[in-house]
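Student: I have this one open now. Can we go through the fold and then a few residues?
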Amino acid sequence: MAVMIDPSDIPQVPVTPGKPTSAARITLSHIMSAHDTNLLGTVHGGVVMKLVDDAAGAVAGRHSEGPAVTGAMDEMAFLEPVRVGDLLQVKAQVNWTGKTSMEVGVQVVAERWNEAGRPAKQVASAYLVFVAVDAEGHPRRVPPVLPETAQDRRRWQEAQIRRTHRLARRRAILELRRERAAEGLDD
């Protein structure tokens with residue numbers, strides 16, 4: 001027996017127009033001071049991480065046109081030490097979007113204060129996942145990101161790979177926990 005569905009009973013999901021990657025791209029600049037240093041005299045990694053999160057959050061909020069919260073830091077790589085006096089440039093853009101989440105890629109470069117005229121060095125990179133939220137803190141839809149260049153398309157594809165790995169890792173961990181709980185081996 002066929003079931004007839006009245007089309008008016010199907011909830012309508014609004015179609016969100018896409019936004020190009022350039023619409024939310026930013027560069028945050030910050031001069032590192034003695035207050036930012038660790039015991040080794042270089043800039044503390046946590047200071048760099050905060051700047052990365054600030055820039056990524058600004059991009060996520062701009063792309064989603066509202067509040068967005070950090071859901072995960074997928075990867076953070078420190079490539080070179082950052083020193084007092086360095087001018088850090090934290091460059092961020094949305095690489096990929098899902099229904100309510102966005103991957104933001106961040107590149108950190110440093111202009112050395114004592115190496116005028118030399119090109120800036122990349123000192124760190126990161127990938128963060130942000131979730132757009134409404135006034136009650138519930139996830140809300142985000143516009144799709146529209147890659148504009150070959151580099152943007154590569155970043156989108158790499159973000160898909162990271163997402164697939166992140167979800168597979170989460171499933172594997174949950175399965176292991178279920179198995180251990182079934183065996184009475186709760187930690």
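Student: What share of the contacts between residues at least 6 apart in sequence join residues at least 24 apart?
Tutor: In this predicted model, 72% of those contacts join residues at least 24 apart.

Student: How many helices and strands, and in which pattern?
Tutor: There are two helices and seven strands. Along the sequence they run β-β-α-β-β-β-β-β-α.

Student: How much of it is buried?
Tutor: Of the 187 residues, 31% count as buried. The largest nonpolar core has 31 residues, and Val48, Val52, Leu88, Val104, Val106 and Val108 have the most contacts inside it.

Student: Which element gives the largest share of this core?
Tutor: Helix 1 does, with seven residues. Strand 3, strand 4, strand 5 and strand 6 each supply at least two.

Student: What does Leu88 touch?
Tutor: Beyond its sequence neighbours, Leu88 touches residues including Val48, Leu51, Val108 and Val123.

Student: Change of topic. Where is Pro81?
Tutor: Pro81 sits in the loop between strand 3 (68-78) and strand 4 (87-97). Leaving aside residues within four places in sequence, Pro81 contacts Thr42, Arg112 and Val123.

Student: How many aromatic pairs?
Tutor: Zero in the whole structure. Tyr127 does have Arg162 over its face, at 3.5 Å from the ring centre.

How values were computed
Residues numbered from 1 in each chain as written. Predicted model: local features only at pLDDT ≥ 70, side-chain atom pairs only at ≥ 80, totals over all residues. Heavy atoms only, no water. Helix = DSSP H or I, 4+ residues; strand = E, 2+ residues; numbered from the N terminus. Contact = heavy atoms within 4.5 Å. Core = buried A, V, L, I, M, F, W, Y, C linked by side-chain atoms within 4.5 Å. Buried < 20%, exposed > 50% of the residue type's maximum accessible area, 1.4 Å probe, protein only. Phe/Tyr/Trp six-rings, centres within 6.5 Å; stacked < 30°, edge-to-face > 60°. Lys NZ or Arg CZ within 6 Å of the ring centre and 35° of its normal.
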